[in-house]
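What holds the layout together, strand by strand?

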Amino acid sequence: MWQYRIAFQAIAGKEIRRFLRIWQQTLIPPVMTMVLYFVIFGNLIGRRIGEMGGFDYMAFIVPGLIMMSVITSAYGNVSSSFFGNKFQRSIEEILVAPVPNYVILAGFVAGGVTRGIMVGLLVTVVSLGFTSFAIHNPVIVLSVILLTAILFSVGGFINAMYATKFDDVALVPTFILTPLTYLGGVFYSIELLPPFWQWVSQLNPILHMVNAFRFGVLGVSDVNVWAAFGMIAVFLTVLVSWAMWLLKRGKGLRS
Amino acid sequence: MTDALEIRNLRKVYAGGFEALKGIDLTVRRGDFFALLGPNGAGKSTTLGIVSALVNKTSGQVRVCGIDQDRDPEGVKRMLGVVPQEFNFNDFEKVHDILIQQAGYYGMEKGLARRNIEKYLRQLELWDKRNDQVRMLSGGMKRRLMIVRGLIHEPELLILDEPTAGVDIEIRRSMWAFLERINREGVTIILTTHYLEEAESLCRNIAIINRGEIITNTTVKELLLQMDRSSFVADIKGDFGRVPADNPYLMQLREDGSIQFQVHRGDNLNQVFELFARAGIEVVSLRPRTNRLEELFVDIVQADQPQPDGAVIRQPAVAGGNV
């Protein structure tokens, strides 16, 4: 990897510069959306809901909303950027260069992770205007956020590899990611659900990530935190292997 | 010394079943300026795409400067500079940023990258544009920028796929001078082009590919020696109807009033002038109908078309000639 550090820096640097250059489109909108969630769900509706998981509703939803913004930003950054590179054929600049596939993947993922974490930080700072919380376990907070950002960046990469038009980039976030996130315990504890739906919810990987993160922040979780780490590790292994296989085949890149 | 490029039995069958390359062999020596010519869809870009790792091969072997593409793909890429046919920039990036990134992909430290960027941008008269976004550049500037990008890591072998397409003649000639200079400095160049004049004036060796097969592979000199006739166009004053119709020069009156004719090897132009003089026709000016290589190219490719009985004639049937 060390001999390819400059190539990695070149790809990652380009990706980071890209989303910073258009910060009005990449950093501000997710923060605005979360502010609306804080105001409407946390402040207005949350007052009527009262406590959830032993915390006031606003504090309860903050970790989930931070996680939601990280997931969508990391995924969206890599899927749109990599597809844009494919569409403009500027990906050929990298394909003709002596850059191994794992460095290409790592470079794009680094861009997604950086944007995801930056948006997560901005949402965290904004959330402090609505509620206050202490970090229960910073190591879990950092590791969950980092692994989740990596996981969804790789997911966005795979989406872009398969995509043949811009609509394809929006399909997975609209029909898979958003429903799984909303049903992933961001706004409620699954204890509120009947046992069958609790069991169904356990199959949703985002539920485990949101709860692991919530445990790191608040110290409460609907799931076993270590099982959540295990699930993230399994998904990460599967998605990285999938992405590497696609790169090796040149899916959508080489005829 | 190993050859710059060795291709052995290279086949490419696309997903739909189209066989773009039918097991071609090709060798390009180090220091050569080599033309790979062929009609549209003949397999030129597929061949160069496989060498550049932009197209997956079906079978066969590719070695660049002695390095096997299957065993050390990154090693091959380090030796190669690629200038594709179509623009493949991010239009919103600046010239300098694109080049510094490209140098980064090749693992170049920024100091060396900046020196090479300045050197090649100045040589190709783009230095003043270094801070412009690509979308602000003209087509000719983008072509030159692609050459700079392909050279930034100082490759041994430069692949140019239609490098001067759509470029005006003045810029084209300055690009030719630049390419000749870097070739003299040791860079092997493989060129595809539809401007046969370009191939004739720049290249020493040539291969013609048609329908996925190499049908000619020789030196430009040898190829031109195969020509046994040349076509000319003469602007005349006088009545063309007075020229005997049974003359051996296949004379034709063109729409613009000029005369087109062919002269075979062994004949000379004096005989044609005598024929015109006897008919009381004054020749005002005379020019070749097409570039010599272009005439030969058309003959070779036409001769390679399948005959009604399915046979293919592999020798130039009526190879054009120069007198």
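Predicted model: local features only at pLDDT ≥ 70, side-chain atom pairs only at ≥ 80, totals over all residues.

Residues are numbered from 1 along each chain as its sequence is written, while chains are lettered from A and ligands numbered from 1 in the order in which they are written.

Start with the six-stranded sheet of chain B. Its order is S6-S7-S8-S3-S9-S10, it is open, and the pairing is mixed. Strands here are DSSP runs of E, at least two residues long; helices are runs of H or I, at least four residues long; both are numbered from the N terminus. Two strands pair if DSSP finds at least two bridges between them. Strand S6 (80–83) and strand S10 (213–219) of chain B are the edges, each pairing on one side only. From one strand to the next, the twist averages 15°. Inside the sheet, S7 (residues 157–161) and S8 (residues 188–192) of chain B run parallel, joined over five bridges. Asp161(B) faces Thr192(B) of S8(B) across that pair.

The other sheet of chain B has four strands. It is also open, in the order S2-S1-S4-S5, with antiparallel pairing. Strand S2 (19–28) and strand S5 (67–68) of chain B each have a single partner strand, so one side of each is left without a neighbour in the sheet. S1 (residues 5–13) and S4 (residues 59–64) of chain B pair in the antiparallel sense over five bridges. Glu6(B) stands opposite Arg63(B) in S4(B).

Helix H1 of chain B touches strands of both sheets. On the four-stranded sheet, H1(B) packs against S1, S2 and S4 of chain B, at about 115° to S1(B). H1 (residues 44–51) of chain B also lies across S3 (33–37), S7, S8 and S9 (205–210) of chain B, at about 145° to S7(B). Angles run from 0 to 180 degrees between N-to-C directions, with axes fitted to C-alpha atoms, for helices over the stretch in contact. Contact means that C-beta atoms, placed from the backbone, lie within 7 Å.

Now the meeting of the chains. Here 23 residues of chain B contact 22 residues of chain A. On chain B's side, helix H2 (73–79), S6 and helix H3 (95–105) of chain B give two or more residues each. H3(B) gives the most, with four residues.

UniProt, in an unreviewed entry, places "domain: ABC transmembrane type-2" at residues 21–250 of chain A. That stretch of chain A is 78% helix and 2% strand, with its end C-alpha atoms 29 Å apart.

Key:
Contact = placed C-beta atoms within 7 Å. UniProt positions renumbered as here; feature names shortened; annotations may be inferred.
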